[in-house]
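Welcome! Open your viewer, get your selection tool ready, and let's take a short walk through a protein together.

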Amino acid sequence: MSVAMVNSSTVMEFIQDTETFNSSIKECFEMLDVDGNGMLSQRELRDGFHRVFSLEYNLYDAIFKRFDEDQNGLIDPTEFRSLVRELMLAMARGFGDLPILVALEQDSLLMKAAQHELACLDVKRARRKNSKKQKNVFFGVCLCCHKSKTS
Ligand SMILES: [Ca+2]
Ligand SMILES: [Ca+2]
């Protein structure tokens, strides 16, 4: 268990990064699919989901029914993805813009979202450095041809 700061954009950016999100979902699905048949039974979902989301136990059956679109009593990977997506969007709305400190299980999706945000921050920082350099060059050009006010 560790602790991280998350807010709505932590979750949103994670969901919008389709590649990372999908591979995390796949990992999560495989973790919950205890018997490895490629489907989640009601029991597998209920038993495993508290590691991913800290929800009340009695919510799971309602969630299961809602997302079992073809009503075959099993959650397939596609149904699972829309389920997780919707739950995380609901979480993001709940968080709002204020960062909140949450305790996270190592394999929870929120943890992955927090790690994803950290990785993105590094990329953004690197990009910002590059754009600053370009700006300096731009000003240099303007000063050289004395057109800084007219252009
Ligand atoms: Ca299964
Ligand atoms: Ca189904």
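Keep in mind that this model is predicted. Start by selecting residues 8–16, which are helix H1, and residues 77–95, which are helix H5. These two helices pack at an angle of about 155 degrees, and their axes are 8 Å apart. An angle over 145 degrees counts as roughly antiparallel, so H1 is roughly antiparallel to H5. Their crossing is left-handed.

Now show the side chains where the two helices meet. On H1, pick Ser 8, Val 11, Met 12 and Ile 15. On H5, the contact is made by Arg 85, Met 88, Leu 89, Met 91, Ala 92, Arg 93 and Phe 95.

Next stop: the core. Nonpolar side chains tend to be buried together in soluble globular proteins. Which residues touch the most other members of the largest nonpolar core? Select Phe 80, Val 84 and Ala 113 to see them, out of 22 residues in that core. At least two core residues come from each of H1, helix H2 (18–32), helix H3 (42–52), H5 and helix H6 (109–145).

Stay with Phe 80 for a moment. Leaving out residues up to four places away in sequence, Phe 80 touches Ile 25, Phe 29, Leu 40 and Ile 75.

Finally, zoom out and switch to a cartoon view. The protein chain has 6 helices and 4 strands, and along the sequence they follow the pattern β-α-α-β-α-α-β-α-β-α. Of its 151 residues, 19% count as buried.

Note on methods. Residues numbered from 1 in each chain as written. Chains lettered and ligands numbered in written order. Predicted model: local features only at pLDDT ≥ 70, side-chain atom pairs only at ≥ 80, totals over all residues. Buried ≥ 20, exposed ≤ 12 C-beta atoms within 10 Å, placed from the backbone. Axes fitted to C-alpha atoms, helices over the stretch in contact; angles between N-to-C directions. Parallel < 35°, antiparallel > 145°, perpendicular 65-115°, else oblique. Left-handed = near helix turned anticlockwise from the far one by under 90°. Contact = placed C-beta atoms within 7 Å. Core = buried A, V, L, I, M, F, W, Y, C linked by C-beta atoms within 7 Å.
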